[in-house]
Amino acid sequence: RDAVVEFEITSNRVDCFSMIGMAREAAATFKKDFFPPVVTKTGNDEDVNDYIKVKVENTDLCPRYCARVVKNIKIGPSPKWMQELLMAAGMKSINNVVDISNIVMLETGQPLHFYDLDAIPAQEITVKDQQRFDYTALDGESYHIEEDDIVITTEGKPIGIAGIMGGDDSKIEETTKGIIIEAAIFHHVSIRNTSRRLNLGTDASVRYQKGIEPMATFKAVDRAVQLLIEYADASGLEETKQYGSNGYTPLEFDVNLDRINVLLGTDFQQEEVMKVLD
């Protein structure tokens, strides 16, 4: 008996490509309180440290790359509410771990990818371009990678098409015991070009093409870990490893209310505008 509301998001409202963004917008529009998820940042366990190393060869194409190791998880079915939420969003439930990556993407707008920890024995991930090879992705199809594409590698071997789809050789299986969480910012034009050339559009690539909130990488990783602890018995946590920076600096700027009202043909008062912006 639930209701599903479908929104067509215009290109100037990238913030509404997340449920948190839509909730914030609805709260401002209908003058309601806004309740984002309360996420408690989880530190590393005492007995694990420095398991994974990350590197980016071209920071213009990948300004920030974050990875966090979760050494122990238990694969199983997702709770009913999670399955129903994914179904309402047009996604198929796979298992508790994969579903959490999709739930966090829908919630925060930040795509995540989970790698099977055992598929990366070198304990090293490098983001590259200038590669050329054929690669089998999660959908079982083979795609030809060109030099302009961004790829995720370990020991020089590909494990994913950056920002679009992971690889078949590092996917989460029923036998998966541990994972590496990936959250990154990739250059939107590069992702768009690769997605079009490969004719491979995904929920992740759409969000990367529109633009990712600068601080979303950290928020998404912390939220994923919180849900993994609750629904997948996650343990053996490492600190998030980061390469690069998003160059984000908070900005303050003046707004001319009279000019706004002239442009819009409105008569907003300062108190009303401040309340909506807050």
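Predicted model: local features only at pLDDT ≥ 70, side-chain atom pairs only at ≥ 80, totals over all residues.
I started with helix α3, which is mostly covered: 13 of its 13 residues are buried (under 20% relative accessible area; exposed is over 50%, partly exposed in between, with a 1.4 Å probe and protein chains only). Helices here are DSSP runs of H or I with at least four residues, strands are E runs of at least two, both numbered from the N terminus.

Residues are numbered from 1 along each chain as its sequence is written, and side-chain values use heavy atoms, leaving out hydrogens and water.

Back to α3 (residues 96–108). Just after this helix, I found Gly109 with a positive phi of about 85 degrees.

Next, strand β3 (residues 113–116). I see both faces covered: His113 and Tyr115 are buried on one side, Phe114 and Asp116 on the other.

Then I looked up salt bridges (a side-chain nitrogen of Lys or Arg within 4 Å of a carboxyl oxygen of Asp or Glu). The structure holds 13. In one of them, Lys41 pairs with Asp222, with the closest N and O atoms 3.7 Å apart. Lys41 sits in the loop between α1 and β1 and Asp222 in helix α6, so this pair ties together parts 181 residues apart in sequence. Lys41 is exposed at 55% relative accessibility, whereas Asp222 is buried at 13%.

I also checked Glu146 and Arg132, whose closest N and O atoms are 2.6 Å apart in another salt bridge. Glu146 is partly exposed at 22%; Arg132 is exposed at 52%.
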